[in-house]
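Biologist: Please take a close look at one part of this structure. I would like a single connected account, in short steps.

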Amino acid sequence: MTSSLFARHALIDGVWQNNVRLHWNAEGDFTQIQLQAQPEANEASATYVMPGMTNLHSHAFQRAMAGATEIAGEGPDSFWTWRDLMYRYALAISPEQMAAIAAQLYVECLRHGYTSVCEFHYVHRAPEGVFYSDIAETSRQVIAAANRTGMGISMLPVLYSYADFNATPLRDDQRRFNTDVEQILSIMAALENERTAQVEVGVAPHSLRAASPEQIRELVATMPTQRPIHIHIAEQMREVNACLAATGQRPVELLMNTQQVDARWCLVHATHLSTQEVQQMAASQSVAGICTSTEGNLGDGFFELPAYIAAGGRFGVGTDSHVSQSVVEEVRWLEYGQRLRGQARNVASRPGQRRVADYLWQQCLRGGAQASGRRVGQFAVNYRADMVVLDDQHPNLCDLPAEQVLSNVVFAGNEQTVRDVYVGGKQVVAQGRHHDQEKVAADYRHCMQQLRQL
Ligand SMILES: [Zn+2]
């Protein structure tokens, strides 16, 4: 069985092409991208159609605490005081609650045009610190939430062995995260039967604080090849200074000197970079995972975007702690942060693409897709039929020439302009509504009645 959609304008390799017919098969893969097609009577059609975006960094359970940490404490607040509350949630949450929260999050993300997610998943053990009878129990619950909602997922079980550099033992409140290399490989093996066209399984050494260079080398050498590898790298200056004190090297420098970093890697929160690290990262062909709404919320700092773009670096966006579920907000603030920082306008562009929104969108499609390790993010044969249809009747978009559409989507207003969303050829959002959103929200409310008492 083949299905198709006729697009009056389709975003292909960053360029809006007119009159494109997209064909896909029963497995949800594109079989033909027909350019300069003629519309036929009674066929499904849309005006503006874009590939779905990858959300390259998510800790799904943190959706439950969005908004809960915005009250000033006695002393200066920081990432580290935020982390204390996050640990309280992480210690209390059940696998079923993880699934309910993840489903709510994924519905929200799908409605905003994300069609796949990289789940940096680190709560593996039961609250008392032992593994569930299935070592992959919590990972499986989150994958089930993705399958329930239609979200494509790259599940990344997190290697988390230490509390800080120099193999500092974990604290008691980190007991649910505790994993070694062998256990991560066991989780990956247990998840092998979850892998489908919609589900990939990779790994994530949590950070250079929580996993040693030797462990990371062993994990990467032993795990199946061609799987995504994500790591938190340089989010906070305290982390950079601790790395320097422990090793004499900065985090990205240390990573580059101890691992074979290549296109499988995604370096999340590469916020604090030296000039040399910018060049090293760009040359490695890894993806920088930038999470502007969370990085803003946590006071992390600014990514070195202009220098990184100039060096040809790859990047994508993620919603991380889920203070926002909007890809528009991530992309908009990626640019606005640089404008505020440099007192300049239209920072993120290249000679071949002067339109900032178009440039950023295309980079994030490509970077996110690479980070996911899945065949997504472009309209091409054998790629997943993940399509986002914009609302051509929205006041910001109606009768707009295609080349101006993304500028309006990203930089005009805060209303939702995504109308329909297809994942693997299946429509999951129609007229802005996800097919299961009421039931998913009811489950989420039930879960939050319990968690809000924390
Ligand atoms: Zn993170």
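Modeller: A residue counts as buried if 20 or more other C-beta atoms lie within 10 Å of its own, and as exposed if 12 or fewer do. The model is a predicted one. Start with strand β5, residues 53-58. In β5, 6 of the 6 residues are buried, so the strand is largely enclosed by the rest of the structure. Its pairing comes next. Met53 has Tyr114 of β6 as its bridge partner.

Now turn to helix α8, residues 275-284. Its buried residues are Glu277, Val278, Met281 and Ser284. These cover an arc of only 135 degrees around the axis, so they sit on the same side of α8. Thr275 and Gln276 are exposed on the other side of α8. What do the buried residues of α8 pack against? Their partners are α7 (251-258), β11 (265-270), β12 (287-290) and α10 (305-310). Just after α8 comes Gln285, with a positive phi of about 70 degrees.

Last, helix α14, residues 437-451, which contains Met448. Met448 has 16 other C-beta atoms within 10 Å, so this residue is partly exposed. Along the chain, Met448 and Ala64 are 384 residues apart. Their C-alpha atoms are separated by 7.2 Å.

Definitions and conventions:
Residues are numbered from 1 along each chain as its sequence is written. This is a predicted model: local features need pLDDT of at least 70, side-chain atom pairs count only at pLDDT 80 or more; totals for chains, interfaces and linings use all residues. Helices (H or I, at least four residues) and strands (E, at least two) are DSSP runs, numbered from the N terminus. Two strands pair if DSSP finds at least two bridges between them. The arc is that of the directions from the helix axis to the C-beta atoms. Two residues are in contact if their C-beta atoms, placed from the backbone, lie within 7 Å.
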